[in-house]
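Please look over the fold below before reading my notes. The points go from the whole chain to a few residues.

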Amino acid sequence: MSYFYEYDPYGFDGFSAGLFGGLATGILVMYWIIGMAVAALAIVAMWKIFVKAGEEGWAAIVPFYNMYILFKISWGNGLMALILLSAIIPILGWIACMVIMIMTYIKLAKAFGKGGGFACGLIFLNTIFMCILAFDKNIHYIGVPDKAEPDYSAYNAPGGFNSPGGYAAGGFVAGGAAAGGADAGFTTNYEQTQARFTQPYQQQSEQNADYHYQRTEAPEAQKTEAEKTATGGFCPQCGAKLEPGTKFCHNCGSKL
């Protein structure tokens with residue numbers, strides 16, 4: 001009885017097979033650890049982004065609900081995340097999901113005041129740029145981009161805030177008694193009164209005609225009786241209203 005052994009020129013015996021299997025397993029474990037670390041970092045970044053946008057951070061760890069919040073802060077409507085369910089449709093569904101996610105990252109960049117370059121970073125280097133959004137203290141959430149402005153037509157309607165005769169057009173804001181607003185004329189009269197008492201005027205010097213000096217109108221308490229009656233007022237004896245230039249009270253006859 002004879003035994004024949006087949007010669008292996010590459011030396012791929014049992015020891016070599018075990019070594020190769022061990023290396024392959026080690027590489028797979030390393031990739032798994034790196035993948036878990038990246039996934040954890042992505043969750044933390046999304047948590048911080050949600051908090052910046054005024055949402056609950058814990059939503060980042062809830063499957064499906066995290067996409068609802070992401071679409072909410074990007075599009076203004078979280079229900080648009082239901083479009084991702086089209087992924088169950090082969091090819092066309094996958095293309096639709098890819099397109100909607102690209103658009104979502106573009107809107108997310110705009111929602112934080114960033115442009116197209118940053119949006120490209122979110123698309124191709126998602127985790128890195130999500131971390132930048134999350135941890136950069138100089139980046140703030142400014143709101144849903146391209147959101148329609150509020151309708152202010154009611155303010156301009158007849159009787160509204162900005163309508164002719166309304167509060168803003170004819171009242172306190174605009175001034176002018178002719179407008180007929182609730183506080184009409186208040187602002188205008190106030191400004192005129194302030195200007196009359198604070199605006200300086202020039203008077204020629206009696207010693208040298210080439211020089212002038214500025215003088216403000218004297219306060220009421222410092223005016224003479226003649227100055228007071230020259231502009232009208234009230235009788236100091238009976239309190240009757242006086243016409244400008246009156247020297248005697250028409251009610252009690254007192255000399256002014």
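1. First, a term: helices (H or I, at least four residues) and strands (E, at least two) are DSSP runs, numbered from the N terminus. By that rule the protein chain has nine helices and four strands. From the N terminus on, their order is α-α-α-α-α-α-α-α-β-β-α-β-β.

2. Know the source. This is a predicted model, in which local features need pLDDT of at least 70, side-chain atom pairs count only at pLDDT 80 or more, and totals for chains, interfaces and linings use all residues. Residues are numbered from 1 along each chain as its sequence is written, and side-chain values use heavy atoms, with hydrogens and water left out.

3. Next, burial. Buried means under 20% relative accessible area, exposed over 50%, and partly exposed in between (1.4 Å probe, protein chains only). Of the 256 residues in the protein chain, 24% are buried.

4. Contact means heavy atoms within 4.5 Å. Take the contacts in the protein chain between residues at least 6 apart in sequence: 26% of them join residues at least 24 apart.

5. Look at H4 and H5. Helix H4 (residues 116–124) packs on helix H5 (residues 126–135) at an angle of about 130°, and their axes are 5 Å apart. H4 is therefore oblique to H5. Axes are lines fitted to C-alpha atoms, for helices over the stretch in contact, and angles run from 0 to 180 degrees between N-to-C directions. Angles under 35 degrees count as roughly parallel, over 145 as roughly antiparallel, 65 to 115 as roughly perpendicular and the rest as oblique.

6. Which residues of H4 and H5 meet? Phe118, Gly121, Leu122 and Phe124 in H4 touch Asn126, Phe129, Met130, Ile132 and Leu133 in H5.

7. H4 has a buried side. Phe118, Ala119, Gly121 and Leu122 are buried there. Seen down the axis of H4, the buried residues fall within an arc of 155° (taken from the directions from the helix axis to the C-beta atoms), so they line one face. Helix H3 (92–111) and H5 are among what covers them. The face turned away from the buried side carries the exposed residues Gly116, Gly117 and Phe124.

8. Now Ser74, in helix H2 (residues 65–75). Ser74 counts as buried because its relative accessibility is 0%. Beyond its neighbours within four places in sequence, Ser74 is in contact with Thr104, Lys107, Leu108, Val144 and Pro145.

9. Last, cysteines. Cys97 counts as buried, at 12% relative accessibility. Cys131 also counts as buried, at 12%. A disulfide is a pair of cysteine sulfur atoms within 2.5 Å; a search of the whole structure finds zero.
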